[in-house]
Amino acid sequence: MTDPILGVRMSHRLLTLAFLITFCAAFALPNKDGSRVFEKTLSEQDHFIEGEHNSAYDHEAFLGDEAQQFDDLSPQESRRRLGLIFDKIDTDKDGKIDADELKRWIQWTQRRFIVKDAETQWRIHNPDGKDKINWTEYRRANYGFLDGEPEGTEDRKTYMKMMQRDRRRWVIADTDADDHLTQEEFTHFIHPEDVSHMQDVVVLETVEDIDKDGDGKISLYEYIRDLYRGESGEGEPSWVENERESFRTYRDKNKDGYLDSEEVKQWIMPDDYDHAGAETNHLIHASDSDADGKLTKDEVLDKYDVFVGSQATDFGEALVKHEEF
């Protein structure tokens, strides 16, 4: 017979694990190429593959999480929906999209995931629809099972560390210091990378994750160990040596052999490149047939494949069920 207390604890752990899986988006965890950089690009795709332009990058930059949906559409339906998007981007309704309008749209598509995720998590943690939630409620929902966990177990140590990290981040997100979070503050709590007053805690968490010897900085060994852990006798991928060179040449700016907090911040949240601006310029250059620096609807629709593309042009609209856009 199953122990009911054990079952309750397991349920708590599964709930916490489910939350943490979503919550990991807020940490600078390594990407598939080893990078911890926040918003390194506007897409999971590489912009260029072996020197050739990859249009899938543009599609994700322009459409965000709707890019895959457009891949299943016929050219006719892609153009129809793209025309509706054009009208949304053209905020001054002059019949043209200028660079500022297009850049704002690209930035909005990238933030859409954060907004949706924050709204979902807010509903989960605030089922009663209150204006604020307090730390006691949040702790009870996510870590309450620790109250019955035996002292000294590895599980308890792991979850206590998670809770302490959450607590530190909670206090920083709580700008009015009332130990409650509004929905806006809660959004900053789970997605701190986009908020200036939260960025230092993201840097601190990243250093803590990588700094295995606890000296408060990241050595070259720790840096590479975080990005790549090959099997014994396995050939090392070429990008690993490239990362060593990047560490020595670009990341370690004072050349002391370590990354300090400021160097880590420049690594994971670089401020020297405007990806949205660069993508805006690329899309205008690729589609602006009269070279006036703005895009008409005809120009956008004429180059619809640059913006949305289609992987199902031979199958047509009938193969997929479309909701009203």
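In which hand does α10 pass α11? The crossing is right-handed. Before I go on, a caution: this is a predicted model.

Let me put some geometry on that pair. Helix α10 covers residues 220-227 and helix α11 covers residues 238-251. Their axes come within 10 Å and cross at roughly 140°. On the α10 side, the contact is made by Leu220, Tyr223, Ile224 and Leu227. On the α11 side, the residues are Trp239, Val240, Glu243, Arg244, Phe247, Arg248 and Arg251. Sorted by class, this contact of α10 with α11 has seven nonpolar residues, four charged ones and no polar ones.

How many cavities of 30 Å³ or more does the structure hold? There is one. The volume of the largest cavity is about 40 Å³. Its lining consists of Ile210, Lys212, Glu222, Arg225, Asp226 and Arg229. Helix α10 supplies the largest share of that lining, three residues. By class, the lining of the largest cavity has five charged residues, one nonpolar and no polar.

Next, the pair α6 and α7. Two packed helices are described by the angle between their axes and the distance between the axes. Helix α6 (residues 135-143) packs against helix α7 (residues 154-173) at an angle of about 155°, and the axes are 12 Å apart. The two are therefore roughly antiparallel to each other. Here, too, there is a handedness to report: α6 passes α7 in a right-handed crossing. From α6, the residues in contact are Trp135, Tyr138, Arg139 and Tyr143. They meet Tyr159, Met162, Met163, Asp166, Arg167 and Trp170 in α7. The class count for the contact of α6 with α7 is seven nonpolar, three charged and no polar residues.

The last pair is α4 and α5. How far apart are the axes of these two helices? For α4 (residues 75-89) and α5 (residues 99-125), the axes are 9 Å apart, and the packing angle is about 110°. That angle makes α4 roughly perpendicular to α5. In this contact, Ile85, Lys88 and Ile89 of α4 meet Glu101, Leu102 and Trp105 of α5. By class, these residues divide into four nonpolar and two charged, with no polar ones.

Methods:
Residues numbered from 1 in each chain as written. Predicted model: local features only at pLDDT ≥ 70, side-chain atom pairs only at ≥ 80, totals over all residues. Heavy atoms only, no water. Axes fitted to C-alpha atoms, helices over the stretch in contact; angles between N-to-C directions. Helix = DSSP H or I, 4+ residues; strand = E, 2+ residues; numbered from the N terminus. Left-handed = near helix turned anticlockwise from the far one by under 90°. Contact = heavy atoms within 4.5 Å. Nonpolar A, V, L, I, M, F, W, Y, C, P; charged D, E, K, R; others polar. 1 Å grid on protein atoms, 1.4 Å probe; cavity = no way out; pocket = protein on both sides within 12 Å on 5 of 7 lines; lining within 4 Å. Points joined across faces, edges and corners; volume = space filled by probe spheres on them. Parallel < 35°, antiparallel > 145°, perpendicular 65-115°, else oblique.
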